[in-house]
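Please keep the sequence and the model in view while reading.

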Amino acid sequence: MAAVIQVIEDGFRNYIIKVQGSTDDTIATIVDVSALDPPCTRVRLRKISYNLASDSSLVLAWDATTDVTLLTLHGSNDADMCFDSTAGIPNNAGAGVTGDVVLTGGDASAGTPYTLYAEFIKSDPITH
């Protein structure tokens with residue numbers, strides 16, 4: 001089963017999504033910055049909420065030649081993290097950075113369902 005991504009808002013500044021899937025999904029690109037409207041070169045993570053079985057984890061990463069871990073989400077029922085006070089977590093990936101965000105199952109508990117809600121701030125908009 002592939003992750004299902006529902007776009008809630010794709011505005012000039014904000015990109016908000018709901019993602020549902022299973023921890024045995026292969027790498028899922030949950031943010032493709034070139035497909036946003038307007039497109040941008042990177043995003044910052046503003047807020048994330050998720051629901052995941054207590055014995056499971058997910059890895060949220062910045063896509064690059066070698067992905068850079070943004071957060072490891074450990075099993076929790078309705079966990080919330082907000083980074084408003086720092087204007088969001090910026091993409092600090094180096095070599096081969098694409099600006100995209102990927103999500104992978106982070107543990108051996110294959111097949112565990114999850115739901116996450118993420119709010120991103122678009123950085124470096126591409127203007128034509």
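For 128 residues, a compact globule would have a radius of gyration near 14 Å, and the protein agrees with this because its own value is 14 Å; the radius is taken over C-alpha atoms, and the globule rule is 2.2 Å times the number of residues to the power 0.38. The model is a predicted one, in which local features need pLDDT of at least 70 and side-chain atom pairs count only at pLDDT 80 or more, whereas totals for chains, interfaces and linings use all residues. Residues are numbered from 1 along each chain as its sequence is written, and side-chain values use heavy atoms, with hydrogens and water left out.

The C-alpha trace spans about 45 × 30 × 25 Å along its principal axes. The protein contains 0 helices and 7 strands, where helices (H or I, at least four residues) and strands (E, at least two) are DSSP runs numbered from the N terminus. Among contacts (heavy atoms within 4.5 Å) between residues at least 6 apart in sequence, 73% join residues at least 24 apart.

Of the 128 residues, 43% are buried; buried means under 20% relative accessible area, exposed over 50%, and partly exposed in between, with a 1.4 Å probe and protein chains only. The largest nonpolar core has 30 residues, and those with the most contacts inside it are Ile30, Val31, Val43, Leu45, Leu60, Leu116 and Phe120. Two or more residues each come from β2 (14–22), β3 (28–31), β4, β5 (68–82), β6 (101–105) and β7 (113–125), and β4 gives the largest share, 9 residues. Such a core is a set of buried Ala, Val, Leu, Ile, Met, Phe, Trp, Tyr and Cys residues joined through side-chain atoms within 4.5 Å. Leucine 45 touches, among others, Leu60, Leu70, Phe83, Ile89 and Phe120, with residues up to four places away in sequence not counted.

Strand β4 (residues 40–62) also holds serine 57, which counts as buried because its relative accessibility is 7%. Serine 57 and glycine 88 are 31 residues apart in sequence and 22 Å apart in space, C-alpha to C-alpha.

Two points of backbone geometry remain. Most residues other than glycine have a negative phi, and most peptide bonds are trans. Aspartate 37 and proline 38, however, are joined by a cis peptide bond with omega of about 0 degrees, and proline 38 is in the loop between β3 and β4. Alanine 87, in the loop between β5 and β6, has a positive phi of about 60 degrees although it is not a glycine. Alanine 87 counts as partly exposed, at 43% relative accessibility.
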